[in-house]
Amino acid sequence: MDDSTLKVIDTLPKHFMERVREYGDRKVAVRQKEFGIWQEFTWKDSFHQVRDICLGLASLGLQRGDKVSIIGDNDRQHLWADLAILAAGATAVGIFTDAIPSEMEYVAAHSESVLVFAKDQEQVDKFLEIREKIPLVKTVIYWDSHGMWNYNDPWLISYDRVQELGRKLGEEQPELFHNLVAEGKGDDLCLLCYTSGTTGLPKGAMLSHLNFLAGIEATAKVEPRFDTDNQISFAPLAWIAEHTLSVTPHCRFGLIVNFPESPETVQANIREIAPDLIFFPARLWENLCAMVQIRIKDSTWINRMFYKLFLPIGYKVADLQYEGKRVGPLLAFLYWLGDLLVFRPLRDQLGLGRVRTAITAGAALSPDMLRYFRAFGINLGQVFSSTETAAVGTQHFSDDVKYASVGKPVPCCQVKIADDGEIWLGGDNIFHGYFRDRDKTSQSLSIDENGTRWFHTGDAGYMDDDGHLIYLDRLKDMIELANKEQFSPQFIEGRLKFSPYIRDVMAVGNSEVDIVTALISIDFESVGRFAEKNRITYTTFVDLSQKPEVYQLILEAVKGVNETLPPGGRVKKFVLLHKEFDADEAEMTRTRKLRRGFLTDRYSEMISAMYGDVDSVSVSATVRYQDGREGVVETDVRIMTLEETVSA
Amino acid sequence: MAENNGQLIVEDVYLSFGGTLALVDVSFNVHKGEILAIIGPNGAGKTSLLNCINNFYKPDKGSITFNGTNITKLPPYKIAKLGIARTFQNLALYTGLSTVDNLMAARHLHMHQSMWGSMLYWGPAQREEVENRKIVEEIIDFLEIEHIRKATVGALPYGLRKRVELGRALAMEPELLLLDEPMTGMNVEEKEDMARFILDIHELQDTTIVLIEHDMGLVMDISERVVVLDFGRKIAEGSPKEVRNNPNVIQAYLGQEG
């Protein structure tokens with residue numbers, strides 16, 4: 001399709017209707033595992049669902065341009081509700097499922113939502129709690145009636161009931177649905193996406209239908225999508241990535257969207273579906289890598305032997321391909337053997353048996369990690385984008401990967417480096433500003449004389465000679481020490497997290513100090529296994545984290561990483577934290593990015609101790625438990641100093 | 001008539017082990033569709049009472065009537081067939097089988113194919129298997145244990161095993177569900193989940209539930225009536241509020257003042 005067609009079929013619902021006409025009941029649109037079986041729904045089924053819900057919303061009084069919040073696990077009703085909202089000409093506002101009531105209140109109130117979709121009792125209860133504070137919300141629609149049998153509140157209405165209302169309206173006005181879809185325009189607001197916000201309150205990025213369509217159209221030119229593709233939808237639907245990778249290509253290219261049975265079965269369900277494209281945030285790739293390494297360690301000797309034997313061959317082939325060199329016949333044969341014995345079974349175990357393109361985004365994934373997965377035949381690449389760019393920006397294309405870079409610009413998108421080193425992204429996929437926030441909009445969005453929208457990413461980077469974008473760090477996070485040495489905390493963290501024993505790290509340093517230090521949170525599972533193997537007794541996380549043997553273990557990892565760093569930017573001291581970083585305590589965002597300002601504040605005692613002469617510090621931290629209660633943990637945390645290895 | 005007084009009528013039950021009196025003249029009724037809690041200090045005879053109801057123990061004296069049928073002398077499997085299912089304090093699952101297989105085993109009660117028919121598998125036996133599997137899958141969905149469907153029960157953590165055991169009891173589609181300490185050994189979150197499941201079972205299927213539980217907060221929250229035992233005797237019965245203010249109960253739990 002060229003750009004002129006995009007001007008006619010310019011909204012997601014219009015594309016959806018194109019697919020319905022194309023496939024009808026001859027092709028599966030959506031699959032969901034229920035009662036242990038993958039249940040299938042054709043495009044015609046999907047159409048009936050979307051139409052009835054859309055008209056039901058209309059009969060509840062939803063107007064073009066209204067906002068509708070939606071919260072719930074990924075499932076077919078969520079997708080249908082999403083499409084129905086868009087078909088009615090309204091805007092969908094996603095809320096993360098683990099949001100606490102005050103967060104939900106902020107999003108629902110700030111977005112001026114008039115209706116709310118809330119999956120089940122859990123989410124409905126949260127809305128009932130904040131009901132008084134969101135007076136604009138007229139009705140809450142739930143789609144899982146489990147536990148809701150005795151709720152008689154007229155504020156609540158079931159999904160089925162909305163469909164009934166819709167069917168009634170459809171009988172009275174049979175053309176209404178098609179008219180509603182036809183009235184939509186490409187520049188209509190499609191999605192209000194509240195960014196996880198590493199700083200301050202969440203901001204609602206306004207994305208139009210054309211933002212998404214321009215993005216997917218351009219991406220498909222380099223990484224084509226087909227209607228036979230299976231996509232598995234498990235990343236939060238409130239997050240932009242799921243709209244760019246599942247919802248939009250579903251409507252545009254007709255790929256099949258598969259929903260897991262429950263959040264706990266995702267891993268198993270991925271393996272059953274074997275998707276063609278997979279997107280994991282950087283953290284998940286890291287977890288996966290740690291998992292593979294642990295499982296191999298626990299595996300039989302023969303598995304361990306093959307893994308040890310063939311991984312170097314995998315690395316060699318990956319490196320040759322990376323350098324664009326030819327793989328010799330002997331190596332090719334060995335790799336074929338390795339693929340047969342190790343790599344293919346491994347890919348299958350991870351559910352990546354059919355993956356054509358694997359991508360990562362969010363936090364930066366270390367080059368080691370990219371190389372690791374590519375060594376066993378997974379075409380893993382980095383994507384650099386953000387909510388504000390409809391999750392499209394630069395990307396590693398299959399045959400053009402550079403470990404140090406974040407890829408080349410996708411055709412619709414331009415990259416510009418501002419004078420202060422900030423990366424700007426421009427094009428049709430760039431958002432239209434933050435909802436009800438002029439100040440923030442003018443800080444991050446500019447329009448040039450050609451009418452191109454530019455998003456100021458706040459990231460530092462540069463373009464190299466091959467046209468690849470090199471990402472350094474957040475502009476504000478590039479840090480200069482007192483001795484004028486520079487370092488990038490993210491880089492150090494990415495490298496350290498390659499150790500299976502380290503779950504999270506924050507590297508610390510500023511213009512008043514001369515050395516880099518690190519707060520390290522151990523991976524309880526892997527370190528626990530290590531302790532069991534070495535007969536180290538421990539009780540809790542706190543206890544385990546302070547064992548001398550564990551310090552020694554982590555010390556080795558830190559030393560290894562230090563060797564790859566310039567001497568001035570090496571980690572000189574570290575502590576092992578008595579707890580994990582926790583999103584519930586606002587230490588990380590919901591997508592598990594560190595909130596550095598908050599962490600620096602919270603662990604200020606520990607950090608200043610590392611820059612002093614002491615070798616331990618006692619901490620008493622307030623911990624908020626999952627059920628909302630608070631408790632206090634008191635313990636001594638040791639400070640580990642690395643001996644200076646003076647090279648002559 | 002029996003229906004007016006209660007679905008389950010326990011009348012003047014005595015039980016002794018050698019010289020020890022475990023239950024002394026215990027009488028109470030369970031009404032259809034209620035949640036009744038039996039509480040009492042350790043060794044008060046709570047589990048013995050449940051064991052009498054499904055006849056693991058034979059009461060020395062007294063009678064137990066369920067839906068108008070005297071079940072005092074019936075063997076446990078016949079009592080199960082009448083619609084009384086239970087869970088056990090210390091779990092009673094096939095630890096070597098998967099969750100699904102444990103639940104399917106509980107469906108045995110509702111399967112009618114002969115041994116020969118089952119060995120052939122095709123035809124009626126297969127249809128029966130599929131029908132029962134559907135019911136089992138609904139229970140799996142209800143209790144949110146999809147992720148452990150194929151897991152060996154013996155390898156599961158305690159909280160989940162308790163949930164599987166509840167599933168096993170539900171698979172019998174009971175009219176009366178006896179739960180023996182369904183929440184022991186669980187953390188707060190697991191307990192809250194379990195409480196929610198119990199309330200859901202009660203709401204959805206109008207199942208009568210008799211439960212023994214030590215967590216007073218939970219008992220008071222979810223039960224409609226409470227029976228208190230102490231040294232084998234019933235010392236109080238009534239709504240949670242009445243029981244909480246009953247001087248006998250306070251004394252039994254806190255001991256004699258002085």
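1. Strands count as paired here if DSSP finds at least two bridges between them. Within E11(A), A:Phe259 stands opposite A:Gln32. A word on the elements: helices (H or I, at least four residues) and strands (E, at least two) are DSSP runs, numbered from the N terminus.

2. Before going on, please keep in mind that this is a predicted model, in which local features need pLDDT of at least 70 and side-chain atom pairs count only at pLDDT 80 or more, while totals for chains, interfaces and linings use all residues. Residues are numbered from 1 along each chain as its sequence is written, and chains are lettered from A and ligands numbered from 1 in the order in which they are written.

3. Strand E10 (residues 230-232) of chain A also runs parallel to E11(A), joined to it by 3 bridges. There A:Ile232 has A:Asn258 as its bridge partner. From E10(A) the chain passes through helix H10 (residues 240-253) of chain A to reach E11(A), a β-α-β crossover that is right-handed; that is, with the strands pointing away from the viewer, the path from the first strand over the helix to the second runs clockwise.

4. E11 (residues 256-259) of chain A is covered on both faces, with A:Ile256 and A:Asn258 buried on one side and A:Val257 and A:Phe259 buried on the other. Buried means that 20 or more other C-beta atoms lie within 10 Å of the residue's own, exposed that 12 or fewer do, with C-beta atoms placed from the backbone. In a regular strand, side chains alternate between the two faces of the sheet.

5. Now to chain B, where the buried residues of H6(B) are B:Val136, B:Ile139 and B:Ile140. They lie on the same side of H6(B), because they cover an arc of only 100° around the axis, taken from the directions from the helix axis to the C-beta atoms. B:Arg127 and B:Val130, on the other side, are exposed. Helix H4 (99-106) and helix H7 (158-171) of chain B are among what covers the buried residues.

6. Finally, the contact between the chains takes 11 residues from chain A and 14 residues from chain B, where contact means C-beta atoms, placed from the backbone, within 7 Å. On the chain B side, H6 and helix H8 (188-205) each supply at least two residues, and H8(B) gives the most, with 6 residues.

Notes:
Two residues are in contact if their C-beta atoms, placed from the backbone, lie within 7 Å.
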